[in-house]
Amino acid sequence: MEILSSRVLLRPVNLPETQAFYRDVLGLAVSREFGTAEHAGLVFFLGNGLLEVAGTREVGSDSSLVLWLQVRDVQAELERLSGLGVGIAREARTEPWGLIEGWIQDPDGTRIVLVQVPEDHPIRRDVRTL
């Protein structure tokens, strides 16, 4: 299989509210808009990936999606988001694996992990031998 492109698909209960959260609160840039006004879909840039927020799912059905978003400063983002009324599900802390993580949820209940990679973390080192 040759993968040419990929994206995460999110089907919220409340499409306009969830799209507004990703566009206006998180401030993700829109890659593409499609569909009719009633069923408009948005595709957002998500670092090196894409997030499509389109369609809907039934009220009462839980989202099993978890988004992992790397940011430069988790604490600063949590403070900014809190100021915009976003509830903080878990404050920033350093995990046993060395990443700094803080958790939020979108209006639809989708869990979002904000991740900061410290300067001395192994992810930042080139471990290849030349």
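Contact, in this talk, means heavy atoms within 4.5 Å. Among contacts between residues at least 6 apart in sequence, 50% join residues at least 24 apart.

Some ground rules. This is a predicted model: local features need pLDDT of at least 70, side-chain atom pairs count only at pLDDT 80 or more, and totals for chains, interfaces and linings use all residues. Residues are numbered from 1 along each chain as its sequence is written, and side-chain values use heavy atoms, with hydrogens and water left out.

Now the fold. The chain has 2 helices and 8 strands. Those are DSSP runs, numbered from the N terminus: helices are H or I with at least four residues, strands are E with at least two. In sequence order the pattern reads β-α-β-β-β-β-α-β-β-β. Along the principal axes, the C-alpha atoms fill a box of roughly 50 × 40 × 25 Å.

Next, the surface. The chain exposes about 8600 Å², and carbon and sulfur atoms supply 52% of that. Areas come from the Shrake-Rupley method with a 1.4 Å probe; for residues, only the protein chains shown count as cover. How much of the chain is buried? Of its 130 residues, 35%. Buried means under 20% relative accessible area, exposed means over 50%, and partly exposed is in between, with a 1.4 Å probe and protein chains only.

On to the aromatics. There are 2 aromatic pairs in the structure. Rings of Phe, Tyr and Trp (its six-membered ring) pair if their centres lie within 6.5 Å; planes under 30 degrees apart are stacked, over 60 edge-to-face, and the rest tilted. Take phenylalanine 21 and tyrosine 22. Their ring centres are 5.3 Å apart and their planes stand at 90°, so this pair is edge-to-face. Tyrosine 22 also pairs with phenylalanine 44. Here the centres are 6.3 Å apart and the planes at 40°, so the pair is tilted. Which parts does it tie together? Tyrosine 22 sits in helix H1 (residues 15–25) and phenylalanine 44 in strand E3 (residues 41–46), so the pair joins parts 22 residues apart in sequence. Phenylalanine 21 is buried, at 5% relative accessibility. Tyrosine 22 is buried too, at 0%, and phenylalanine 44 is also buried.

Helix H1 also holds alanine 20. At 22% relative accessibility, alanine 20 counts as partly exposed. Its C-alpha is 18 Å from that of serine 63, which is 43 residues away along the chain.

Compare arginine 111, in strand E8 (residues 111–116). Arginine 111 is partly exposed, at 41%. Beyond neighbours within four places, arginine 111 contacts Ser64, Leu65, Val66, Leu67, Ile104 and Gln105.

Last, the largest pocket. Its volume is about 320 Å³. A pocket is an open set of points on a 1 Å grid over the protein atoms alone, where a 1.4 Å probe fits, with protein on both sides within 12 Å along at least five of seven lines; lining residues have an atom within 4 Å of a point. Volume is the space filled by probe spheres set on the points, which are joined across faces, edges and corners. Which of the 15 lining residues are closest to the centre? Leu28, Leu46, Leu69, Gln70 and Val71. Strand E5 (66–70) and helix H2 (74–83) each supply at least two lining residues. The lining divides into 8 nonpolar, 5 polar and 2 charged residues. Nonpolar covers Ala, Val, Leu, Ile, Met, Phe, Trp, Tyr, Cys and Pro; charged covers Asp, Glu, Lys and Arg; the others, Gly among them, are polar.
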